[in-house]
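Me: Hi, could you walk me through a protein model? I'm new to this, so please go slowly.

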Amino acid sequence: GYIRLHPDLAALFEHAWQGQLHYLEHGRREGRIYPSNLTRAQQKAAQASRIALAVDGLDGSGKSSIARRVAEALGATVLNPFSGQVGAILVHLARTGQHALADDVAHAAVAAAIANAPPGPVVFDRHWFTASQLLSPAYRPGWEPRPFTVMCWADRPTTIARMVARGVPNPSEHMTEDRIAGYRTLAEELRLPLLDTSRIAPEEGAAQVLAMLGANGDAARRA
């Protein structure tokens with residue numbers, strides 16, 4: 001992962017995620033993750049110059065396979081800021097109503113991912129949308145300017161089949177029809193380009209995402 005605690009610090013916590021949360025939150029406050037002389041809007045603007053694209057979606061939507069292929073085509077690095085315990089922390093905080101802290105952790109995780117990435121463009125495998133669908137809409141403006149984002153989506157049978165193939169136990173219990181439909185509905189409400197991956201291979205999906213990215217660049221140049 002992106003966060004490695006010194007063993008002496010890690011030993012102070014019963015669970016690894018508690019130490020990681022301590023690092024993210026206190027590092028943010030003290031300026032180790034977010035420089036104290038920059039506003040969050042300035043930080044997002046600085047990050048935007050390196051982000052080629054964000055790919056989002058539920059597990060089993062094909063987003064990670066597509067993100068890897070798009071990054072390879074662009075000569076970019078794939079970043080997944082919410083993998084492992086960071087994602088578990090976000091879900092825990094959201095479920096317990098600690099939305100402000102969850103939002104801070106999400107921003108810090110993105111900043112840490114970029115800070116630890118090699119030079120050059122990056123493609124995010126999850127970014128602002130993942131945080132937004134967990135938290136109150138009131139926190140969405142804090143992610144401006146948002147990177148160009150494509151939502152990968154697959155129907156429930158396809159989603160579950162992919163998760164079973166990856167060895168995920170009992171995916172049908174948490175990948176309900178409502179959850180999968182809700183992701184698509186929110187993406188449409190936020191006017192994100194949506195890629196239905198239910199019947200296409202990752203290579204075709206990546207080609208379509210690259211076409212969307214090119215069209216978005218053309219539109220931006222005309223604006």
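This is a predicted model: local features need pLDDT of at least 70, side-chain atom pairs count only at pLDDT 80 or more; totals for chains, interfaces and linings use all residues.

Me: OK, strands now. Which strands pair with S3?
Reply: Strand S1, residues 51-56, runs parallel to S3 and is joined to it by four bridges, while strand S2, residues 77-79, also pairs with S3 in the parallel sense, over three bridges.

Me: What about S1, how many of its residues are buried?
Reply: Five of the six residues of S1 are buried, so this strand is largely enclosed by the rest of the structure. S1 is also joined to S4 by three bridges, and these two strands run parallel; there, alanine 54 has threonine 149 of S4 as its bridge partner.

Me: Changing topic: which residues touch the most other members in the largest nonpolar core?
Reply: That core has 36 residues, and the ones touching the most other members are Leu79, Phe82, Phe124, Phe129 and Leu192. Several elements give two or more residues to this core, including S1, S3, strand S4 (149-153) and helix H7 (128-134). H6 gives the most, with seven residues.

Me: What else is there besides that core?
Reply: There is a second, separate core of 16 residues, which includes Leu53, Ala76, Ile200 and Val209. As a general point, nonpolar side chains tend to be buried together in soluble globular proteins.

Me: Let's look at single residues. Where is proline 121?
Reply: Proline 121 is in the loop between helix H6 (99-116) and strand S3 (122-125), and it is partly exposed, with a relative accessible area of 33%.

Me: Which residues is proline 121 in contact with, leaving aside its neighbours within four places in sequence?
Reply: Proline 121 is then in contact with Arg50, Ala52, Leu74, Gly75, Ala76 and Thr77. Threonine 77 is 44 residues apart from proline 121 in sequence, yet the two are 6.5 Å apart in space, C-alpha to C-alpha.

Me: And serine 198, is that one buried or exposed?
Reply: Serine 198 is buried, because its relative accessible area is 11%, and buried here means under 20%. This serine is found in the loop between strand S5 (194-196) and helix H11 (202-222).

Me: So what does the side chain of serine 198 make polar contacts with?
Reply: A polar contact of 2.6 Å joins the side chain of serine 198 to the side chain of aspartate 196, and a polar atom of the serine 198 side chain lies 2.9 Å from the backbone nitrogen of aspartate 155. Not counting residues up to four places away in sequence, serine 198 touches Trp153, Ala154, Asp155, Thr158 and Arg162.

Definitions and conventions: Residues are numbered from 1 along each chain as its sequence is written. Side-chain values use heavy atoms; hydrogens and water are left out. Buried means under 20% relative accessible area, exposed over 50%, partly exposed in between (1.4 Å probe, protein chains only). Contact means heavy atoms within 4.5 Å. A polar contact is a pair of N or O atoms within 3.5 Å; within protein, one must be able to donate a hydrogen and the other to accept it, and residues adjacent in sequence count only if both atoms are side-chain atoms. Two strands pair if DSSP finds at least two bridges between them. A nonpolar core is a set of buried Ala, Val, Leu, Ile, Met, Phe, Trp, Tyr and Cys residues joined through side-chain atoms within 4.5 Å.
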